[in-house]
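Consider the structure shown below.

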Amino acid sequence: MIRVVDFRKAIIAGIAGAAAMEVVLRGFVLAGLPVFDLVEELGAVVLHHPRLIGWAAGLAAHAFVGIMWALFYAYFFWSRLKLPPPLQGLVFAVIPALLALFIVHPQLTLMQMNQDVVRVSASMLLGTIGVREVSGILISHAVYGLALGSFYTRPVGYKAGDKPGMAQRKLLPKRRRTQLRQSRGFMFATGIECSYPTVDNGRWRRDEMESCGHYKRWAEDFELAREIGVTHLRYGPPLHLVFQGPGQYDWSLIDEPMADLQECGPEPIVDLCHFGVPDWLGNFQNQGIADAFSEYAAAFAERYPWVRFYTPINEMYVCARKSALDGEWNEQRCDDGAFVNAVFNLALASIGMTDSILQRRKDAIFVNSESSEFSQPCCPDPEVESIAAFENERRFLPLDLIYAHDVSERMRAYLREHHIPDETFDRFRKRKVPRRSVLGVDYYEWTEHLIDREGCPRSLGELFGWYTIAMQYYDRYKITMMHTETNQTDASEGSRWLWRQWHNIQLARSNGVPLVGFTWYSLTDQIDWNIGLTEALGVVFPVGLFDLNRDPREVGLSYKHLIDMYRDQPDYRECKPLKELMQ
Amino acid sequence: MMRSFLSAHGYTPGPTQRQFTAGATSGLLATAPAIAILVAFGSLRVESSILHLSIWATLGAGWMAMAIAGAIYARLFGRAANHVHGGWIFGMGFGFALWAAGAAMVLPLISGGQAPAGDAAIGVALSMLVWGTTLGTLVPFVHEPLHEKLATASQSSLLGPNAATQKGENLPKGRM
């Protein structure tokens with residue numbers, strides 16, 4: 001798949017463009033200007049009938065052509081230029097205009113001749129068209145382009161509050177579904193990308209499961225995960241669609257997929273909140289999300305009592321940062337006070353959800369995944385070093401809260417400055433962290449930063465690597481760990497990246513770090529993550545084990561190779577740290 | 001722009017894909033309805049007379065050319081050609097491009113300036129659009145059973161642990 005296209009919008013845009021073009025052309029004709037009347041010519045070719053019927057046939061044929069061009073625009077041109085949508089359409093219209101001039105017009109002339117074969121020459125084909133006709137074609141196509149560009153916007157996501165189409169494919173017959181043995185060994189995992197933040201100040205919902213086609217192809221997706229051989233699947237049911245209000249849940253959306261996972265695997269690590277909240281809860285500034293999420297977690301655990309692994313809230317630091325500090329998602333705030341508020345709300349929610357689940361399933365295991373971040377000062381500048389040191393502490397803040405870890409005096413001062421008194425922080429310090437907690441550390445090529453001379457972060461790529469950065473987290477919390485996300489944006493480098501991450505895992509294990517799993521994220525390609533989901537463009541981010549046609553990528557084959565090679569090795573078949581957690 | 005899109009790193013076919021075979025097979029199959037249109041509009045007779053070939057020779061040459069064009073289409077569009085919902089429009093675009101190039105340039109060039117006109121010209125245009133649309137529609141379905149299975153494709157040593165190294169780089173002799 002090249003990109004996600006909204007066919008309905010493209011068809012409407014194509015018809016609108018053709019209609020606008022016809023209005024202009026008819027205006028020219030009525031004004032007595034000599035124009036190349038494309039509609040009339042098409043009508044003459046289609047029906048050989050003059051006047052009204054011919055015109056109607058031409059109009060229909062032209063609308064069809066307009067739709068085809070609109071679909072072509074949607075696949076190949078939309079969002080390629082950094083211009084407002086109407087201007088993108090205008091630039092695009094140069095292509096059909098030139099083809100109309102040099103190909104379609106001459107060929108339509110030939111098609112209307114009363115002979116089978118003619119001897120053609122440039123003067124014969126183009127000689128009938130003058131400057132005014134050329135102007136007419138260019139102006140009418142410009143109108144088409146402007147209308148097309150104006151109508152075709154935001155091909156992915158939907159208006160906040162709406163529901164996406166959820167038509168589901170039938171399950172594969174049972175005999176064709178792979179029956180997965182329940183693994184008690186090292187967790188070889190992947191995930192279904194499931195982010196659902198809002199953008200455009202809460203008006204537009206990004207929904208990766210919808211964009212990637214998972215709602216319609218979930219049965220196929222689970223089967224592909226089983227074919228690869230993964231034992232666990234990070235899976236985030238859409239909170240914003242299921243949790244419809246206090247005490248109101250629409251489980252029908254996920255009952256079937258959950259039943260399939262229960263029956264055939266892979267074992268899900270259920271991700272209860274992934275970067276977004278239901279519309280009725282507003283955003284992460286809402287103090288009420290902790291209670292609401294606790295209620296949701298309790299209801300979920302009662303509905304699916306067989307689920308053992310949970311991620312209460314995914315990447316709390318990234319969620320708070322992008323929502324309240326970088327101004328990109330949900331509340332789209334850009335201030336430290338909002339960030340601190342979001343962090344505390346998220347941490348409180350995570351703790352509340354954990355406690356709710358533990359009341360219903362005492363042996364639940366909590367995989368608290370967080371993006372690993374590291375900031376390196378560029379130079380011996382005290383201000384730059386201070387920024388890097390602060391960022392290297394702030395990255396831990398959400399985990400410090402849920403793991404009852406103390407913070408430096410500098411961080412306490414930062415919290416006080418943003419209306420978090422010491423007593424509030426100390427209440428988190430008194431928390432008894434559940435024994436079955438796993439620290440998930442995600443790693444991408446953009447998670448290491450260089451703080452430049454201006455104090456701005458720049459991507460360092462893979463400089464120190466997962467092992468070095470993850471050890472900073474391990475040294476702080478000393479709990480069982482898992483590599484919970486990684487991928488590579490250049491699909492041709494996917495296999496290389498996968499094995500390099502795996503060698504990091506092996507090094508950590510050989511150094512005695514209790515590691516229980518590894519995750520390639522995600523099963524399929526994603527949409528618009530190259531721009532952090534901030535705009536609804538529909539561009540494919542080719543990081544999946546499978547592309548969005550569900551054809552395997554090279555990294556998918558490599559991951560299968562890796563799993564086949566390691567899963568029956570004694571150290572991996574029996575994963576000691578995981579067994580200890582389960583006791 | 002379209003070329004840069006199609007040549008992007010994410011669209012190159014992977015080791016399980018059989019793009020040329022799928023494209024050539026689909027190109028061959030798609031030629032059947034196109035020929036029916038050519039016959040219906042009298043275009044086949046006109047083309048064979050322009051090319052100074054018999055009907056059968058024209059058909060044979062056309063079928064071969066369309067198989068090659070199908071293979072080129074599948075390789076050019078890469079993974080995108082496997083897209084069930086979009087394939088038909090890519091194929092139609094490709095068919096249109098072939099018609100535009102063939103009817104406007106190639107045919108007059110190789111026939112000393114002669115080109116079909118009237119209904120024959122309509123038939124040529126329509127047949128190429130139908131061929132392209134059919135090709136694009138067929139490729140995902142023809143390709144699907146041709147894919148190499150995960151279990152065998154994943155066994156390649158190129159996909160194993162050595163993939164972690166710098167590509168093509170070995171340590172100089174005597175090191176380690």
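A:Val117 has B:Pro116 as its bridge partner in β1(B). This pair belongs to the antiparallel pairing of β1(A) with strand β1 (residues 114-116) of chain B, which are joined by three bridges; strands pair if DSSP finds at least two bridges between them, and strands (E, at least two residues) and helices (H or I, at least four) are DSSP runs, numbered from the N terminus. This is a predicted model, in which local features need pLDDT of at least 70 and side-chain atom pairs count only at pLDDT 80 or more, whereas totals for chains, interfaces and linings use all residues. Residues are numbered from 1 along each chain as its sequence is written, while chains are lettered from A and ligands numbered from 1 in the order in which they are written.

Between the chains, 46 residues of chain A are in contact with 45 residues of chain B (C-beta atoms, placed from the backbone, within 7 Å). On the side of chain A that touches chain B, α3 (51-76), α5 (94-111), β1 (117-119), α20 (494-510) and α21 (554-566) each supply at least two residues.

Chain A is assigned domain 1 (7-151) and domain 2 (158-582), with bounds from an automatic or database domain assignment. Their centres, taken over C-alpha atoms, are 49 Å apart.

Chain A also holds an open sheet of three strands in the order β12-β14-β15, with mixed pairing. Its edge strands are β12 (374-377) and β15 (457-459), each pairing on one side only. Strand β14 (residues 448-451) runs antiparallel to β15(A), with three bridges between them, and A:His449 stands opposite A:Ser459 in β15(A).

Notes: Contact = placed C-beta atoms within 7 Å.
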